[in-house]
Amino acid sequence: MADRIPLYPVRSAAAANRKRAAYYSAAGPGAERPSRYQLEDESAHMDEMPLMMSEEGFENDESDYHSLPRARITQRTHGLGWFVCGGWKFLCTRCCDWLINVCQRKRELRARTVWLGHPEKCEEKHPRNSIKNQKYNVFTFIPGGFVLAVTITREAIDEFRRFQRDKEVNSQLYSKLTVRGSCFIRTDQLDGETDWKLKVAVSCTQRLPALGDLFSINAYVHAQKPLLDIHSFEGTFTREDSDPPIHESLSIENTLWASTIVASGTVIGVVIYTGKETRSVMNTSNPKNKVGLLDLELNQLTKALFLALVALSVVMVTLQGFVGPWYRSLFRFLLLFSYIIPISLRVNLDMGKAAYGWLIMADGSIPGTVVRTSTIPEELGRLVYLLTDKTGTLTQNEMVFKRLHLGTVSYGMDTMDEIQSHVRDSCSQLHSQATSSTPPRKAQSSAPKVRKSVSSRVHEAVKAIALCHNVTPVYEPRAGGTGDAEHAEVDQDFSDENRTYQAASPDEVALVQWTERVGLTLVNRDLTSMQLRTPSGQILTYSILQTFPFTSEGKRMGVIVRDESTAEITFYMKGADVAMSTIVQYNDWLEEECGNMAREGLRTLVVAKRTLTEEQYQDFESRHAQARLSVHDRALKVAAVLESLERDMQLLCVTGVEDRLQEHVRPTLETLRNAGIKIWMLTGDKLETATCIAKSSHLVSRTQDIHVFRPVTSRGEAHLELNAFRRKHDCALVISGDSLEVCLRYYEHELVELACQCPAVVCCRCSPTQKARIVKLLRQHTRRRTCAIGDGGNDVSMIQAADCGIGIEGKEGKAASLAADFSIRRFEHVGRLLVVHGRSSYKRSAALGQFVMHRGLVISTMQAVFSSVFYFASVPLYQGFLMVGYATVYTMFPVFSLVLDQDVKPEMAMLYPELYKDLTKGRCLSFKTFLIWVLISIYQGGILMYGALVLFESEFVHVVGISFTALVLTELLMVALTIRTWHWLMVVAEFLSLGCYVASLAFLNEYFDVAFITTMTFLWKVSAITVVSCLPLYILKYLKRKLSPPSYSKLTS
């Protein structure tokens, strides 16, 4: 892939300057300069290393690097030449940056101590605890008022709506719902995840007799300074009025972030971070003013028209011979030709944008769609990159159990009744043995291995799945309960109908719900025990001795439990196949079956167990407790102790769970791909899950190769991995956030260049800040338009960084929807929003903008011809109401009716999304089309003016009457020539404008000879001039459609 792309690493300019200074500042003439290679560190040696260097190159001595070619260094002198050739711009930029930094110096973030019940001890003031999505304040909005009233009104309406949405969100409070040392929170407003997360209270506060005692103790919380990372927290809780003082460490499991909801339990908390210092706000970029590419292109054309205005005025004064006070004539010509500058263009476009927004929201095929930013509807028709979130955007975040594989037998959805039968038989057999046998003996890990029956193997697998998790059953309060937290358990109904399962991952819930369906039901769980109910109604109680939560590094989780009836201690573990394959006993089927499930789009988990003796567990527990008390390298020591258990584990089963996709995700992605849009999936989920969803959603086709970017931590590793990736052709890229960060640090341009050539890219384990950075990099390196779509608070930065942001509003929350430019209900609506509305908005605005320019160029050409004929006199051709009426009542309605034009029907645009590809090339509005309209304007203006001068008879007023009438008719006919599909409002606009002009002739005695305009002579002369100005253009358009028809005309025919 991209064999011709040179790969140059990114170097720090400051570091390079320091090295040049050290090299060129050798003491005295003739003195031996220090070797440049001695000044470079190992990282700098990589700068000149060819990126296609083999792996062996990194195994050689460091001296090998010195033989590599070095880049040329040129000495820079900051002299007068440097100042003239651009140094002045550099100095001005530095001065402006210094002033901005002084005026907008950010407040330094510090660690803080918060006293319980003593606000007067607060060390500093904290920001207001509210969100702000508004883009303007009073001082930044006022200057816009001097541009155009229409723009101000539109922006003010949008801003007021943002204010109302912010006020609505800020008015929402936490709801208090028990006091058992833990609670559940929902984070759907923060990250789009709908599952509940378990949070644990500070243990020493749970021993207080009453809730009110919390405010009478002398305690405080010391917390770290505000950080971006939403997955970590460090702090301490100190109680000073006890002997000795109590110090308890605080971690992420003791915290509730802002923008989360307390779903179960009562919470009394200490507010640590507020306002701008909360994690959610720190990961959100400030809203910015988004300007569409069409507006930028029209601005460039307007600048060209301004230069044409000045040039034409200078030419006229030059031809006049600079007679007398020539500068007065220059200003007069500038005023006469000022119609070249389309003042009404901004008004027409703003009104058009409002119309597009109304059409989008009125479309019954995408109900609930809201246009929150009315300035960029045309951007929807110019997109090249679509960056999408996964959870809640492509998927419903609802898991369904699909497959259980035991090695020799596999069970699917159609054979679940067999599993239920095996579990029932095995449980009844164990129950009969337990009631008739002697008291239980301790388990022996060295028991002889015997071949077990299928029923016992199925039962062991199901029991392991029912025990190895972090799921908690939650029972809803009975109707009519008092709601008092202290009587919550009394008011709860423990029947199956009122039980729901909550966990940190929807995979976990799906597995436990499946075990309930096949016979083993989780009925109760707290911090120290859990209870299972068998098909016969027997309750099995297990003590939770240790829990090892899932981590992205380990890719597995485990639990050690003791069966209260047999005293057997079992270590259960489940995780990704890549992590479990080296832990379980040798087998010949695990890798193959996991691959088969992954190809079906299923998320796989490998389940294993190991039976422990009491002595083995006590030895492990003491070593584990000692490791947890370590001050240095605690995580490494704990992992080392756990690895002593993760050996020779018995492989029980492999499970396959499907994450349900949103409705019609596959055809929508297919439509977008056919439209030429490249789709990148940015998710915070793990690599295996992201890859499964990419396959199941057909973001990556089943026949397409996938290159998984290996984890890299250094520049050398990134160098080698980029070489490996460079050799691949037409394959999708899957990369983790950590590897992405390393590559962007050293090889930013190279990575983006290679990734942009991939048909699809999946970035997993991405933080909100990384998502926004990827969007900005795409914009900077490709200069193409980007769109970001998400549904959670962690997608807000990405949405605001993109040229066009789309938020999905639903059960995942409104955070992304409120901050987006467009809000939709389901992902499938993106297809119609882009392919139909985006395409038509861009083409309509392109036609409208160029026609408004043509309208001003025609009358300016007529003025130039008139002045040239009359010895370059700076005398206006039309005066007073004629000029005002020409730009308003006589032509405004037909020209604006172009916002209703369409080349193909919406159904045809959805059926052939390939039509969207042409828009990304910008051919609807370019300097080529602009020059064509300029030539048309010059031709028509010349014909209208010269024709009127040739055909007029005796009085000058006849020239005005003939030429102006022909001008109005020509404009109406040109609108008809431009229209591709007629709408009844277009016909009304044409006849309304013509009727207004004809009716006004009776009142314009000052400009027209009423007696002359009612004669046949006037009619045939006007008709002749109009036909000559328009008929050739109609003929050319007909010939072009026949000889070189546009793509859409082939479909309509």
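Some ground rules. Residues are numbered from 1 along each chain as its sequence is written, and side-chain values use heavy atoms, with hydrogens and water left out. Because the model is predicted, local features need pLDDT of at least 70 and side-chain atom pairs count only at pLDDT 80 or more, while totals for chains, interfaces and linings use all residues.

Sheet first. Nine strands form an open sheet with mixed pairing. The order is β8-β27-β26-β25-β9-β21-β24-β23-β22. At the edges sit β8 (370–371) and β22 (705–708), each pairing on one side only. Strands here are DSSP E runs of at least two residues, helices are H or I runs of at least four, and both are numbered from the N terminus. Two strands pair if DSSP finds at least two bridges between them. Take β9, residues 383–388, and β25, residues 785–790: they run parallel, joined by five bridges. L386 has C787 as its bridge partner in β25.

Next, helix α22, residues 737–746. How many of its 10 residues are buried? Seven, so α22 is largely enclosed by the rest of the structure. Buried means under 20% relative accessible area, exposed means over 50%, and partly exposed is in between, with a 1.4 Å probe and protein chains only. Among the buried ones are L740, V742, C743 and Y746.

Now helix α27, residues 829–869, which holds K843. Is K843 buried or exposed? Buried, because its relative accessibility is 11%. Its side chain makes a polar contact with the side chain of D903, at 2.9 Å. A polar contact is a pair of N or O atoms within 3.5 Å; within protein, one must be able to donate a hydrogen and the other to accept it, and residues adjacent in sequence count only if both atoms are side-chain atoms. Leaving out residues up to four places away in sequence, K843 touches D903, L919, C924, R980 and Y1048. Touching means heavy atoms within 4.5 Å.

F866 counts as buried because its relative accessibility is 6%. Beyond four places in sequence, F866 touches residues including V875, L877, M945 and F956. F866 and M945 are 79 residues apart in sequence, yet 6.9 Å apart in space, C-alpha to C-alpha.

Last, a residue on the outside. Y1038 is found in helix α35. Y1038 counts as exposed because its relative accessible area is 52%.
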